[in-house]
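Trainee: I would like to learn how to read a structure feature by feature. Could we take one feature at a time?

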Amino acid sequence: MDKPFRKTGESSISESPLHPRRQSRRIMVGPVPVGGGAPISVQSMTNTKTANVGATLQQIAELTAAGCDIVRVAVPSQEDADALPRIVAKSPIPVIADIHFQSRYVFQAIDAGCAAVRVNPGNIRKFDEVGPSICQAATDAGISLRIGVNAGSLDKELYAKYGGPTPEALVASAMKEARMFEDVGFRDFKISVKHHDPITMVETYRLLAKQGDWPLHLGVTEAGPAWQGTIKSCLAFGALLAEGIGDTIRVSLSAPPVEEVKVGCKILEYLGLRARHFDIISCPSCGRAQVDVIALANEVTNGLSGITAPIRVAVMGCIVNGPGEAREADLGVASGNGKGQIFIKGKVIETVPEDRIVDTLLKHANAIAEQMEADGLVTDQSSGPVVVPVVGE
């Protein structure tokens with residue numbers, strides 16, 4: 001694609017400190033590499049009507065600001081397909097068209113300049129007939145595809161054979177689709193095998209990862225409301241990414257899409273797969289606390305919500321762990337007896353009354369962030385892997 005894309009963050013991190021990455025082949029989603037040791041990218045999906053170009057582009061802008069690397073838009077109607085050229089032309093990140101049932105929309109999405117297309121062979125009418133043409137069109141346009149199966153769209157014969165959407169059934173379905181593409185010489189695709197149950201999902205991806213070198217798109221489908229879906233996604237992604245399995249992720253939540261991106265970025269940060277940004281360390285509430293830690297942590301978090309600098313702020317409520325934890329952070333407070341000791345890089349710089357703790361922390365945090373920006377330690381965007389060219393491949 002010839003249009004300029006924004007770079008999505010700092011220097012790339014492709015290897016986990018916990019386990020070597022699984023070896024997979026590389027594909028491209030626009031300028032974003034997926035697989036082949038590339039940094040793990042974060043995806044989300046707009047929930048606007050795609051035909052409403054203004055609303056869709058506004059949401060894409062919000063997702064981009066949150067650290068999203070790749071965005072998917074639904075294309076269930078002709079009106080949505082007709083809107084794709086305008087969306088692709090103005091989106092700051094690569095756009096994937098999400099298409100079920102109507103194969104003509106796939107070709108229209110390719111012509112519109114989409115960076116990739118998500119197709120569900122099990123739902124595309126007469127896919128055996130149109131599949132080779134889709135692969136040829138994607139090859140001619142130089143784009144990639146995503147295939148795979150959700151538990152809810154498993155082939156009826158496989159469902160009956162395996163007694164339900166078991167890991168074996170999901171993998172058999174995905175491999176059938178993969179062979180269908182590879183038989184006509186098309187290899188620029190990634191696979192997803194999603195399930196709503198984290199244990200089934202993890203077992204499925206582990207099994208699939210052993211069967212070939214396809215890049216894998218991780219997701220717990222229909223994960224539920226924000227709190228439940230976040231827990232499911234953290235458990236499943238944490239298990240797989242800690243084993244080196246996974247090349248791109250989407251956290252699926254019944255929540256605004258930006259929340260999906262926030263969770264996805266933080267999962268990668270805390271696994272050492274993406275450089276950390278603003279981070280709050282705060283102690284749990286307990287009988288030792290001499291201040292309202294919950295309220296204090298929330299006030300500080302809200303006050304610093306706009307900071308993208310990689311600073312760590314500790315908000316501690318008592319003298320047991322407070323001083324030590326505060327000293328380990330870039331900035332911190334150890335509270336008690338109606339006052340707070342403010343630390344910067346392990347040194348107490350001042351002691352303030354309890355009612356001045358938040359304002360004082362915010363003042364110092366902003367000063368530290370400004371200095372980091374002046375030193376070139378803050379990127380243009382809040383999070384994400386660097387968009388890199390493919391060299392020698």
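Trainee: Which residues is Thr56 in contact with, leaving aside its neighbours within four places in sequence?

Mentor: This is a predicted model, so every contact is computed from predicted coordinates. Thr56 contacts Thr46, Thr48, Lys49, Thr50, Val73 and Ile87 once neighbours within four places in sequence are set aside. Thr56 itself sits in helix 1, residues 53-66.

Trainee: Is Thr56 buried or exposed?

Mentor: Buried means under 20% relative accessible area. Thr56 has 0% relative accessibility and therefore counts as buried.

Trainee: Where is Leu377, and is this residue buried or exposed?

Mentor: Leu377 lies in the segment after helix 12 (357-374). Exposed means over 50%, and Leu377 is exposed because its relative accessible area is 52%. Not counting residues up to four places away in sequence, Leu377 touches Pro310 and Met372. Pro310 is 67 residues from Leu377 along the chain, with 8.0 Å between their C-alpha atoms.

Trainee: How should I read a pair of packed helices, such as helix 2 and helix 3?

Mentor: Two packed helices are described by the angle between their axes and the distance between the axes. Here helix 2 (residues 78-90) packs with helix 3 (residues 103-111) at about 10°, and the axes are 9 Å apart. Angles under 35 degrees count as roughly parallel, so helix 2 and helix 3 are roughly parallel to each other. Helix 2 contributes Gln78, Ala81, Asp82 and Leu84 to the contact, and helix 3 contributes Arg104, Tyr105, Gln108 and Ala109. By class, that contact has 4 nonpolar, 2 polar and 2 charged residues.

Trainee: In what order do the strands form the sheet?

Mentor: Strands of a sheet pair through backbone hydrogen bonds, either parallel or antiparallel. In this model 8 strands form an open sheet with parallel pairing, in the order 8-7-6-5-4-3-10-9. Strand 8 (189-194) and strand 9 (217-218) are the edge strands, each pairing on one side only. Strand 9 is joined by 2 bridges to strand 10 (residues 248-250), and the two run parallel. His217 has Thr248 in strand 10 as its bridge partner.

Trainee: Which residues have the most contacts inside the largest nonpolar core?

Mentor: They are Ile191 and Phe237, in a core of 79 residues. Helix 6 (residues 167-182) supplies the largest share of this core, 7 residues. A second, separate core has 28 residues, among them Leu296, Ile307, Ala314 and Val378.

Trainee: What does Ile191 contact?

Mentor: Beyond its neighbours within four places in sequence, the contacts of Ile191 include Ile147, Ala174, Leu208, Trp214 and His217.

How values were computed. Residues numbered from 1 in each chain as written. Predicted model: local features only at pLDDT ≥ 70, side-chain atom pairs only at ≥ 80, totals over all residues. Heavy atoms only, no water. Pairing = 2+ DSSP bridges. Helix = DSSP H or I, 4+ residues; strand = E, 2+ residues; numbered from the N terminus. Buried < 20%, exposed > 50% of the residue type's maximum accessible area, 1.4 Å probe, protein only. Contact = heavy atoms within 4.5 Å. Core = buried A, V, L, I, M, F, W, Y, C linked by side-chain atoms within 4.5 Å. Axes fitted to C-alpha atoms, helices over the stretch in contact; angles between N-to-C directions. Parallel < 35°, antiparallel > 145°, perpendicular 65-115°, else oblique. Nonpolar A, V, L, I, M, F, W, Y, C, P; charged D, E, K, R; others polar.
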